[in-house]
Amino acid sequence: MATTQAASETTGEHAAGTEVPHDAHASVGFPPFNSETFASQLLWLAITFGLLYWIMSKVALPRIAGILEDRRDRIAGDLAEANRLKQEGDAAVAAYEQALAEARNRAHGIAHDTREKLKAETEARRGEAEEGLSKKLSEAEARIGEIKSAALSQVSEIATDTTTTLVETLIGKAPTKTELSKAIDGAMK
Amino acid sequence: MANDPIHQFQISKIIPIEVGGLDLSFTNSALFMVATVAVTALFLIMGTSGRGLVPTRWQSMVEMSYEFVASTLRSSAGNEGMRFFPFVFSIFMFVLIANLLGMFPYFFTVTSHLIVTFALAMVVIGLVVIYGFAKHGAKFLGLFVPHGVPGALVPLVTLIEVISFLSRPISLSVRLFANMLAGHITLKVFTGFVVSLLASDALGIFGPITSILPLVMGVALTGLEFLVAFLQAYVFTVLTCMYLNDALHPSH
C-alpha cells in the first residue's frame with residue numbers, strides 16, 4: 001500500500017461512483033499510480049517491446065524495404081529501357097532522314113547530269129547542222145560566183161562579137177581588137 | 001462495473017507470477033501488450049506476404065506506414081538517423097496499435113499507464129545519451145552549450161538546456177499518458193451519462209430524451225479519440241526523432 005497518499009488525492013474524483021466489487025488488490029486507488037503493478041508492467045513491456053523490436057528489425061522491415069527496393073529497381077529499369085528504346089527510335093529516324101537526304105541529292109545529281117548531257121548533245125547536233133548549212137551556203141555562194149564570173153567572161157566576149165558585127169555593119173570595116181577591147185572595157189566600167 | 005470511469009484502468013492478474021516477493025504477474029496490461037505486438041506483426045507480415053510489385057490495399061497500408069515513419073525520421077534526423085529506423089518504427093507501431101486497441105470497448109489501454117509511457121520515454125532518452133556519448137564522447141555535452149551565446153549568458157543558458165533535457169522524458173511520457181487517460185475517462189463519463197439518464201426514474205420521459213445529448217457527445221468523442229490515438233503516436237515518434245537527431249548532431 002505504498003500509494004495510499006497518491007490514491008487519496010484521486011479518491012475524491014471517483015468516490016461518487018458506485019462501489020464496484022474489485023479484484024483482491026484492486027481497490028488501492030488510482031490504478032496508474034499503483035506502484036505494485038509497476039514491476040509486472042515493466043517486465044512485460046520489456047519482453048513485448050523487445051520482441052516487437054526483434055520482429056521489426058529482423059523480419060518485417062527488411063521485407064518491406066525489399067519490396068520497395070524491388071519496385072524502385074523495376075521502375076528505374078523500365079525507365080532506362082524506355083530511354084534506350086527512345087534513343088534507338090531517334091537513331092532510326094535520323095538514319096532514315098539521312099538516307100532520304102542522300103537519295104534526294106543523288107536524284108538531283110542524276111537529273112542535273114541528264115540535263116547537262118542532253119544540252120551538250122543538242123548543242124553538238126545544232127553545231128553540226130549549222131556547220132552543214134554554212135558549208136552548203138558557201139558552196140552555193142562559190143557556185144554562184146563561178147557562174148557569175150563565167151557569165152561575166154562570156155559577156156565581154158558577146159559584147160566584142162556584137163560590137164564587131166555592129167561596127168562592121170555600120171562602117172563596113174571591122175575594128176581592131178585593141179580598140180574594141182578598150183572601148184568595151186570603158187563601157188563596162 | 002457501471003459508472004466508475006477509473007475502473008477501466010484497473011490492472012488485474014491473469015496468471016499470477018511472483019519472483020522473490022516481486023509481483024511479475026501476467027496481467028490484462030501484459031495481455032494487451034502481447035496483443036499489440038501480435039497485431040503489429042500480423043499486420044506487417046501478412047500484409048506483405050504477397051510481395052506484390054503492385055501492392056494490394058493491405059500491402060499499400062503497410063508500405064504507407066513504413067514510408068510515413070521513414071520520412072518522419074529522415075526529415076528530422078537526416079539519412080544518418082535511418083540507423084535507428086527499426087527502433088523508431090517499433091515505437092510508433094507499438095504506441096499507435098496500443099492506443100487503437102484501447103479504443104475497443106472493454107479493452108485495456110496499455111498507454112494509459114504512466115509507467116509504460118515513462119519506460120518507453122526512458123528507452124528513447126537512454127538511447128540518445130548512450131549513443132551520444134559513444135559517438136561523440138565529451139563533445140556530446142556541447143548539446144548543452146549553444147553556439148553564439150554571449151560569454152556571460154553561457155552558464156544560464158546551459159542550465160536551461162540541462163533542465164530542458166532532463167524534463168524531456170517526463171514531458172514525453174506524461175503527454176501520451178495524460179492524453180490517453182483523459183480521453184478514456186471523458187468517453188466513459190459521457191457514455192455513462194447515457195445509461196444513467198435512461199435508467200433514472202426521477203426525470204420521467206425526459207430521461208431517455210435527454211440521454212441523446214451525451215450519446216451524440218460520446219460519438220463525437222470517439223472520433224476525436226481515434227484522432228488523438230494516432231496523433232499522440234505521431235507526436236511521440238516525431239519527438240523521438242528529434243531527440244535522436246541531438247544524439248547524432250549534438251552541436252546546435
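Colleague: Leaving aside neighbours within four places in sequence, which residues is T111(B) in contact with?
Modeller: This is a predicted model. T111(B) sits in the loop between α3 (85-101) and α4 (114-136) of chain B. Its contacts beyond four places in sequence are V95(B), A98(B), N99(B), T117(B), L176(B), F177(B) and M180(B).

Colleague: Is T111(B) buried or exposed?
Modeller: The relative accessible area of T111(B) is 0%. Buried means under 20%. Therefore T111(B) is buried.

Colleague: How far apart in space are G183(B) and F226(B), C-alpha to C-alpha?
Modeller: G183(B) lies in helix α5 (residues 154-199) of chain B. In sequence, G183(B) and F226(B) are 43 residues apart. In space, C-alpha to C-alpha, they are separated by 9.9 Å.

Colleague: How many aromatic pairs are there over all chains, and why is the pair of F32(B) and F107(B) tilted?
Modeller: The count over all chains is 19 aromatic pairs. For F32(B) and F107(B), the ring centres are 5.0 Å apart and the planes meet at 55 degrees. Planes under 30 degrees apart count as stacked and over 60 as edge-to-face.

Colleague: Where in chain B do F32(B) and F107(B) lie?
Modeller: The two are 75 residues apart, and their pair links distant parts of the chain. F32(B) is in helix α1 (residues 28-47), and F107(B) is in the loop between α3 and α4.

Colleague: Which aromatic cluster includes F230(B) and Y234(B)?
Modeller: Both lie in helix α7 (residues 212-248) of chain B, 4 residues apart. The cluster is F68(B), F92(B), F230(B) and Y234(B).

Notes. Residues numbered from 1 in each chain as written. Chains lettered and ligands numbered in written order. Predicted model: local features only at pLDDT ≥ 70, side-chain atom pairs only at ≥ 80, totals over all residues. Heavy atoms only, no water. Buried < 20%, exposed > 50% of the residue type's maximum accessible area, 1.4 Å probe, protein only. Contact = heavy atoms within 4.5 Å. Phe/Tyr/Trp six-rings, centres within 6.5 Å; stacked < 30°, edge-to-face > 60°.
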